[in-house]
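Below is a short briefing on one protein model and its ligand. The structure comes first, then the notes.

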Amino acid sequence: MGKIVILTGAGISAESGLGTFRDEGGLWAQHRIEDVATPEGFARNPALVHRFYNARRVQAAGADANAAHRALARLQREWPDDVILVTQNVDSLHEAGGARDVIHMHGTLAGALCSTCQHRWVSEPEMTPADTCPACGQRSVRPDVVWFGEMPYFMDEIYDHLANAQIFAAIGTSGQVYPAAAFVHEATAADAETVELNLEPSEGVSYFDRKILGPATQTVPLWVDELLNRARRQN
Ligand code: APR
């Protein structure tokens, strides 16, 4: 049956009440990326950036996994081969929905990082510029999320999975941010079957063999059923 590699974006958490970035009224309509999602913005005004992530931490803490998150966890449990879940999202709703070993390529809201000694720990709900690193004591604490201009995490591992994928799916992502937007090309080069599940066609829709349009809570459970029926037929 082969390995399935899935990339998710903000759209999979939209129906859990978490805002996406580029939809009407999304996060980038409310905040300037350069102020809240770049190292330069953090250096310029750490209090503003901490407030931005504190608010997202509070919102994420109040959100529940939805049927799409749960369906992907079911696929991980019942598919006869590996199902690798790579997310651009910094929320923990995939884990709340039962998924395992989720690869957070843009980091997580739950993580704190010391810019001085690179120590990582589970962050307090509220972070401020006055926080000090529990390891080195320096006042250089930041959210452990990947900002624009920084290298996403786990890229070698992700490319290795893509090179061995039989099926690649992109779910709830606009396909506008690299390197994630180019994963479909890696999967195609590995002769994987590629599918996009999105509310509307993404920037990269033409690169996919198939597109399934609609809200993730409807399309993802049906897609998972289809895959598991295929596996049962072939067993
Ligand atoms: N079901 C499925 N797809 C949805 C839904 C839904 N209910 N609601 C919105 N979408 C789709 C939108 O059509 C859009 O294509 O989800 C996508 C969200 O796109 P973005 O807001 O650009 O989010 P994402 O693709 O995850 O952004 C990638 O950009 O700003 C950075 O680091 C940030 O991880 C983020 C990255």
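His-161 is part of helix α7, which spans residues 155-163; helices are DSSP runs (H or I) of at least four residues, numbered from the N terminus. This is a predicted model: local features need pLDDT of at least 70 and side-chain atom pairs count only at pLDDT 80 or more, while totals for chains, interfaces and linings use all residues. Residues are numbered from 1 along each chain as its sequence is written, and side-chain values use heavy atoms, with hydrogens and water left out.

**His-161**
- His-161 has a relative accessible area of 12% and is therefore buried (under 20% relative accessible area, 1.4 Å probe, protein chains only).
- Leaving aside residues up to four places away in sequence, His-161 touches Lys-3, Val-5, Ile-84 and Ile-103 (contact means heavy atoms within 4.5 Å).

**Ligand shell**
- There are 23 residues around the ligand, and Ala-10, Phe-21, Arg-22, Thr-173 and Ser-174 come nearest (a residue counts if one of its heavy atoms lies within 4 Å).
- The shell is made up of nine nonpolar, ten polar and four charged residues, with Gly counted as polar and Asp, Glu, Lys and Arg as charged.
- The ligand lies between domain 1 (1-17 + 65-106 + 152-235) and domain 2 (19-62 + 108-145), because both give residues to its shell; the bounds come from an automatic or database domain assignment.

**Polar contacts and burial of the ligand**
- A ligand nitrogen is 2.9 Å from a polar backbone atom of Ala-216 (a polar contact is a pair of N or O atoms within 3.5 Å).
- A ligand nitrogen is 3.1 Å from a polar backbone atom of Leu-199.
- A ligand oxygen is 3.2 Å from a polar backbone atom of Gln-88.
- The ligand taken alone exposes 740 Å², and the protein buries 94% of that (Shrake-Rupley method, 1.4 Å probe).

Definitions and conventions. A polar contact is a pair of N or O atoms within 3.5 Å; within protein, one must be able to donate a hydrogen and the other to accept it, and residues adjacent in sequence count only if both atoms are side-chain atoms. Helices (H or I, at least four residues) and strands (E, at least two) are DSSP runs, numbered from the N terminus. Buried means under 20% relative accessible area, exposed over 50%, partly exposed in between (1.4 Å probe, protein chains only).
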